[in-house]
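Thanks for coming, everyone. Please have a look at it on the screen.

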Amino acid sequence: MLGPGEHEPVPVLDAWDETAAFRGVRLALPPALARAHERPGQVVKARAGAGEAFFALASAPDPGATAELLVKRGGKVSDALVRAAVPGRTIELTRPFGAGFDVQDAEGRDVLLFAAGSAIAPIRSLVQHVMTHRNRFGGVTLFYGQRHGAEFAYRAEHVDWERRGIRVVLCPSGADDAWPGVRGRVTDVARSLGFGGAKPAEAIAFVCGMTAMVEDVRRTLAAAGVPPERVRANF
(Lines give C-alpha, C1' and ligand atoms only; values in the text may rest on other atoms or scores of the structure.)
Protein backbone atom coordinates (compact mmCIF):
# COMPACT_ATOMS: atom_id res chain seq x y z
CA MET A 1 0.00 0.00 0.00
CA LEU A 2 1.21 3.49 -0.83
CA GLY A 3 2.16 5.27 2.39
CA PRO A 4 1.46 8.94 3.20
CA GLY A 5 3.80 11.17 1.24
CA GLU A 6 4.99 8.39 -1.04
CA HIS A 7 4.77 9.00 -4.79
CA GLU A 8 3.52 6.72 -7.51
CA PRO A 9 3.83 7.04 -11.30
CA VAL A 10 0.48 8.17 -12.71
CA PRO A 11 -0.29 7.96 -16.46
CA VAL A 12 -1.04 11.20 -18.26
CA LEU A 13 -4.09 10.88 -20.53
CA ASP A 14 -4.24 14.42 -21.90
CA ALA A 15 -2.78 17.91 -21.44
CA TRP A 16 -3.91 21.24 -22.87
CA ASP A 17 -3.58 25.00 -22.46
CA GLU A 18 -6.58 26.13 -20.45
CA THR A 19 -5.33 29.74 -20.68
CA ALA A 20 -1.96 31.32 -21.43
CA ALA A 21 -1.03 30.84 -17.76
CA PHE A 22 -2.82 27.58 -16.91
CA ARG A 23 -2.16 24.07 -18.20
CA GLY A 24 -4.81 21.41 -17.72
CA VAL A 25 -3.73 17.80 -17.14
CA ARG A 26 -5.95 14.70 -17.13
CA LEU A 27 -4.66 11.62 -15.30
CA ALA A 28 -5.56 7.96 -14.92
CA LEU A 29 -5.39 7.30 -11.18
CA PRO A 30 -4.08 3.89 -10.12
CA PRO A 31 -6.47 1.99 -7.81
CA ALA A 32 -4.85 3.05 -4.50
CA LEU A 33 -4.96 6.72 -5.48
CA ALA A 34 -8.50 6.49 -6.86
CA ARG A 35 -9.78 4.95 -3.60
CA ALA A 36 -8.26 7.82 -1.63
CA HIS A 37 -10.06 10.42 -3.78
CA GLU A 38 -13.18 10.62 -1.62
CA ARG A 39 -14.24 14.28 -1.57
CA PRO A 40 -14.07 17.32 -3.84
CA GLY A 41 -11.32 19.69 -2.76
CA GLN A 42 -8.69 17.13 -1.81
CA VAL A 43 -5.05 17.72 -2.77
CA VAL A 44 -2.03 15.77 -3.99
CA LYS A 45 1.70 16.39 -3.96
CA ALA A 46 3.34 16.20 -7.38
CA ARG A 47 7.06 15.60 -7.83
CA ALA A 48 8.75 17.06 -10.89
CA GLY A 49 12.37 17.90 -11.53
CA ALA A 50 14.17 18.39 -8.22
CA GLY A 51 11.14 19.53 -6.25
CA GLU A 52 7.54 18.87 -5.32
CA ALA A 53 4.46 21.00 -4.76
CA PHE A 54 0.86 20.74 -3.63
CA PHE A 55 -1.97 20.81 -6.17
CA ALA A 56 -5.70 20.65 -5.52
CA LEU A 57 -7.48 18.16 -7.73
CA ALA A 58 -9.58 20.04 -10.26
CA SER A 59 -12.19 17.31 -10.65
CA ALA A 60 -14.65 15.53 -8.40
CA PRO A 61 -14.09 11.90 -7.39
CA ASP A 62 -14.73 9.79 -10.48
CA PRO A 63 -15.80 6.12 -10.60
CA GLY A 64 -13.76 5.92 -13.81
CA ALA A 65 -10.63 6.81 -11.79
CA THR A 66 -9.61 9.85 -13.80
CA ALA A 67 -8.61 13.14 -12.22
CA GLU A 68 -7.46 16.56 -13.41
CA LEU A 69 -4.94 19.17 -12.31
CA LEU A 70 -4.73 22.85 -13.17
CA VAL A 71 -1.09 23.90 -13.23
CA LYS A 72 -0.12 27.56 -13.19
CA ARG A 73 3.04 28.30 -15.11
CA GLY A 74 5.77 30.39 -13.53
CA GLY A 75 7.08 28.25 -10.68
CA LYS A 76 10.04 25.89 -10.74
CA VAL A 77 8.04 22.78 -9.92
CA SER A 78 5.00 23.88 -11.94
CA ASP A 79 7.06 24.47 -15.07
CA ALA A 80 8.81 21.12 -14.63
CA LEU A 81 5.41 19.45 -14.23
CA VAL A 82 4.11 21.13 -17.40
CA ARG A 83 7.10 19.77 -19.32
CA ALA A 84 6.67 16.28 -17.83
CA ALA A 85 2.88 16.01 -18.27
CA VAL A 86 2.86 14.63 -21.80
CA PRO A 87 0.16 12.14 -22.88
CA GLY A 88 1.54 8.64 -22.80
CA ARG A 89 4.06 9.41 -20.08
CA THR A 90 3.72 9.44 -16.29
CA ILE A 91 4.10 11.97 -13.51
CA GLU A 92 4.68 11.20 -9.83
CA LEU A 93 1.86 11.90 -7.37
CA THR A 94 0.97 11.06 -3.81
CA ARG A 95 -2.44 9.66 -3.07
CA PRO A 96 -5.14 12.36 -2.58
CA PHE A 97 -5.35 13.61 0.99
CA GLY A 98 -6.89 16.31 3.13
CA ALA A 99 -10.43 16.83 4.35
CA GLY A 100 -11.62 18.44 1.13
CA PHE A 101 -15.01 20.16 1.17
CA ASP A 102 -17.60 18.87 3.62
CA VAL A 103 -20.75 19.16 1.51
CA GLN A 104 -23.14 16.86 3.34
CA ASP A 105 -24.94 19.51 5.38
CA ALA A 106 -25.07 21.88 2.39
CA GLU A 107 -27.81 19.73 0.93
CA GLY A 108 -31.15 21.51 0.93
CA ARG A 109 -29.51 24.94 1.20
CA ASP A 110 -28.44 27.69 -1.17
CA VAL A 111 -24.73 27.45 -1.93
CA LEU A 112 -22.26 30.28 -2.55
CA LEU A 113 -18.92 29.47 -4.18
CA PHE A 114 -15.93 31.84 -4.17
CA ALA A 115 -12.69 31.28 -6.09
CA ALA A 116 -9.77 33.43 -7.19
CA GLY A 117 -6.84 32.62 -9.46
CA SER A 118 -5.75 29.00 -9.66
CA ALA A 119 -8.03 28.21 -6.71
CA ILE A 120 -10.78 27.65 -9.27
CA ALA A 121 -9.36 24.11 -9.44
CA PRO A 122 -10.82 22.76 -6.18
CA ILE A 123 -13.97 24.84 -6.63
CA ARG A 124 -14.43 23.23 -10.06
CA SER A 125 -14.32 19.83 -8.34
CA LEU A 126 -17.13 21.03 -6.10
CA VAL A 127 -19.09 22.38 -9.10
CA GLN A 128 -18.87 18.93 -10.69
CA HIS A 129 -20.10 17.28 -7.49
CA VAL A 130 -23.05 19.69 -7.23
CA MET A 131 -24.01 19.14 -10.87
CA THR A 132 -24.01 15.37 -10.36
CA HIS A 133 -26.36 15.79 -7.39
CA ARG A 134 -28.07 19.00 -8.47
CA ASN A 135 -31.49 18.18 -7.02
CA ARG A 136 -30.00 18.02 -3.52
CA PHE A 137 -29.10 21.72 -3.39
CA GLY A 138 -30.91 25.03 -3.59
CA GLY A 139 -29.64 27.94 -5.66
CA VAL A 140 -25.92 27.81 -6.46
CA THR A 141 -23.84 30.85 -7.46
CA LEU A 142 -20.11 30.92 -8.25
CA PHE A 143 -18.18 34.19 -7.90
CA TYR A 144 -14.86 33.67 -9.69
CA GLY A 145 -12.14 36.30 -9.72
CA GLN A 146 -9.11 36.89 -11.95
CA ARG A 147 -7.17 40.01 -12.83
CA HIS A 148 -8.31 40.12 -16.47
CA GLY A 149 -11.00 38.55 -18.61
CA ALA A 150 -8.61 36.41 -20.66
CA GLU A 151 -7.36 34.68 -17.51
CA PHE A 152 -10.54 32.79 -16.54
CA ALA A 153 -10.10 29.02 -16.72
CA TYR A 154 -12.74 26.56 -17.91
CA ARG A 155 -14.54 29.14 -20.05
CA ALA A 156 -15.63 26.38 -22.43
CA GLU A 157 -17.52 24.72 -19.55
CA HIS A 158 -19.28 27.75 -18.11
CA VAL A 159 -22.30 27.55 -20.41
CA ASP A 160 -22.86 23.94 -19.39
CA TRP A 161 -22.51 24.88 -15.72
CA GLU A 162 -25.19 27.53 -16.22
CA ARG A 163 -27.48 25.11 -18.05
CA ARG A 164 -27.16 22.68 -15.18
CA GLY A 165 -28.10 25.20 -12.53
CA ILE A 166 -24.82 26.85 -11.48
CA ARG A 167 -24.90 30.63 -11.90
CA VAL A 168 -21.41 31.78 -12.94
CA VAL A 169 -20.36 35.37 -12.15
CA LEU A 170 -16.92 36.24 -13.53
CA CYS A 171 -15.19 39.08 -11.68
CA PRO A 172 -12.09 40.64 -13.29
CA SER A 173 -10.53 42.96 -10.74
CA GLY A 174 -8.08 44.80 -13.03
CA ALA A 175 -8.65 47.38 -15.73
CA ASP A 176 -10.04 45.61 -18.79
CA ASP A 177 -11.63 47.83 -21.41
CA ALA A 178 -12.82 44.84 -23.42
CA TRP A 179 -14.73 43.25 -20.54
CA PRO A 180 -18.53 43.70 -20.93
CA GLY A 181 -19.68 42.41 -17.55
CA VAL A 182 -19.31 43.27 -13.88
CA ARG A 183 -15.89 44.06 -12.47
CA GLY A 184 -14.27 44.11 -9.05
CA ARG A 185 -13.26 41.82 -6.23
CA VAL A 186 -15.46 38.79 -5.71
CA THR A 187 -16.72 40.16 -2.40
CA ASP A 188 -17.70 43.51 -3.90
CA VAL A 189 -19.47 41.86 -6.80
CA ALA A 190 -21.25 39.38 -4.54
CA ARG A 191 -22.56 42.23 -2.36
CA SER A 192 -23.67 44.25 -5.38
CA LEU A 193 -25.62 41.27 -6.74
CA GLY A 194 -27.26 40.44 -3.44
CA PHE A 195 -25.25 37.24 -3.11
CA GLY A 196 -26.98 35.75 -6.11
CA GLY A 197 -30.35 35.83 -4.40
CA ALA A 198 -29.26 33.48 -1.62
CA LYS A 199 -30.51 34.07 1.92
CA PRO A 200 -27.18 34.56 3.75
CA ALA A 201 -28.45 33.38 7.12
CA GLU A 202 -29.45 30.05 5.58
CA ALA A 203 -26.76 29.59 2.91
CA ILE A 204 -23.50 27.68 3.04
CA ALA A 205 -20.39 29.09 1.35
CA PHE A 206 -17.27 27.40 0.04
CA VAL A 207 -14.18 29.49 -0.61
CA CYS A 208 -10.70 28.92 -1.99
CA GLY A 209 -7.92 31.39 -2.78
CA MET A 210 -5.04 33.27 -1.23
CA THR A 211 -5.29 33.85 2.53
CA ALA A 212 -6.20 37.54 2.20
CA MET A 213 -8.99 36.74 -0.25
CA VAL A 214 -10.39 33.96 1.96
CA GLU A 215 -10.41 36.26 4.99
CA ASP A 216 -12.11 39.01 2.97
CA VAL A 217 -14.83 36.55 1.95
CA ARG A 218 -15.28 35.43 5.56
CA ARG A 219 -15.63 39.04 6.79
CA THR A 220 -18.04 39.95 4.01
CA LEU A 221 -20.23 36.93 4.60
CA ALA A 222 -20.21 37.42 8.38
CA ALA A 223 -21.41 41.00 7.88
CA ALA A 224 -24.19 39.66 5.64
CA GLY A 225 -25.33 37.14 8.23
CA VAL A 226 -23.58 33.92 7.19
CA PRO A 227 -22.39 32.23 10.39
CA PRO A 228 -18.64 31.44 10.42
CA GLU A 229 -19.27 27.69 10.65
CA ARG A 230 -21.07 27.86 7.30
CA VAL A 231 -18.05 29.26 5.43
CA ARG A 232 -15.96 26.28 4.40
CA ALA A 233 -12.46 25.90 2.98
CA ASN A 234 -10.86 22.67 1.75
CA PHE A 235 -8.11 22.61 4.38
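**Pockets, sheet and core**

Let's start with the largest pocket. It is lined by 27 residues, and Ala56, Ser118, Ala119, Cys208 and Gly209 lie nearest its centre. A word on terms. On a 1 Å grid over the protein atoms alone, a pocket is an open set of points where a 1.4 Å probe fits, with protein on both sides within 12 Å along at least five of seven lines. Lining residues have an atom within 4 Å of a point.

Before I go on, the ground rules. This is a predicted model, where local features need pLDDT of at least 70, side-chain atom pairs count only at pLDDT 80 or more, and totals for chains, interfaces and linings use all residues. Residues are numbered from 1 along each chain as its sequence is written, and side-chain values use heavy atoms, with hydrogens and water left out.

Back to the largest pocket. How much space lies in it? About 650 Å³. That volume is the space filled by probe spheres set on the grid points, which are joined across faces, edges and corners. Which elements supply the lining? At least two residues each come from β4 (51–56), β5 (66–72), α3 (120–132) and α6 (211–224). These labels are DSSP runs, numbered from the N terminus: helices are H or I with at least four residues, strands are E with at least two. α6 gives the most to this lining, with four residues.

By class, the lining of the largest pocket has 16 nonpolar, nine polar and two charged residues. Nonpolar here covers Ala, Val, Leu, Ile, Met, Phe, Trp, Tyr, Cys and Pro; charged covers Asp, Glu, Lys and Arg; the others, Gly among them, are polar.

Now the second largest pocket. About 370 Å³ of space lies there. Its lining has 18 residues, with Ala116, Gly117, Gly145, Gln146 and Arg147 nearest the centre. β8 (140–146), α5 (186–192) and α6 each supply at least two of the lining residues.

Six strands form an open sheet, in the order β4-β3-β6-β1-β2-β5, with antiparallel pairing. Two strands pair if DSSP finds at least two bridges between them. β4 and β5 are the edge strands, each pairing on one side only. From one strand to the next, the twist averages 40°. The axes behind that angle are lines fitted to C-alpha atoms, for helices over the stretch in contact, and angles run from 0 to 180 degrees between N-to-C directions.

Let's step through some pairs. Strand β1, residues 8–17, meets strand β6, residues 90–93, in the antiparallel sense over four bridges. There, Glu8 stands opposite Leu93 in β6. β1 also runs antiparallel to β2, joined by five bridges. Val12 stands opposite Leu27 in β2. A hairpin joins β1 to β2 through four residues. Then β2 and β5: seven bridges, antiparallel again. The bridge partner of Val25 in β5 is Leu69.

How enclosed is β2? Five of the seven residues of this strand (22–28) are buried, so it is largely enclosed by the rest of the structure. Buried means under 20% relative accessible area, exposed means over 50%, and partly exposed lies in between, with a 1.4 Å probe and protein chains only.

On to the core. The largest nonpolar core has 32 residues, of which Leu113, Ile120, Ile123, Leu142 and Phe206 touch the most other members. Such a core is a set of buried Ala, Val, Leu, Ile, Met, Phe, Trp, Tyr and Cys residues joined through side-chain atoms within 4.5 Å. Two or more residues come from each of β7 (111–116), α3, β8, β9 (166–172) and β10 (204–208). α3 gives the most, with seven residues.

β7 is mostly covered, with five of its six residues buried. β7 and β8 run parallel, joined by six bridges. Phe114 stands opposite Phe143 in β8.

Last, the two backbone spots. Ala65 has phi near 65°, a positive value in a residue other than glycine. Ala65 lies in the loop between β4 and β5. At 19% relative accessibility, Ala65 counts as buried. Then there is Phe195, not a glycine either, with a positive phi of about 55°. Phe195 is found in the loop between α5 and β10. Its relative accessibility is 9%, so Phe195 counts as buried.

That's the tour.
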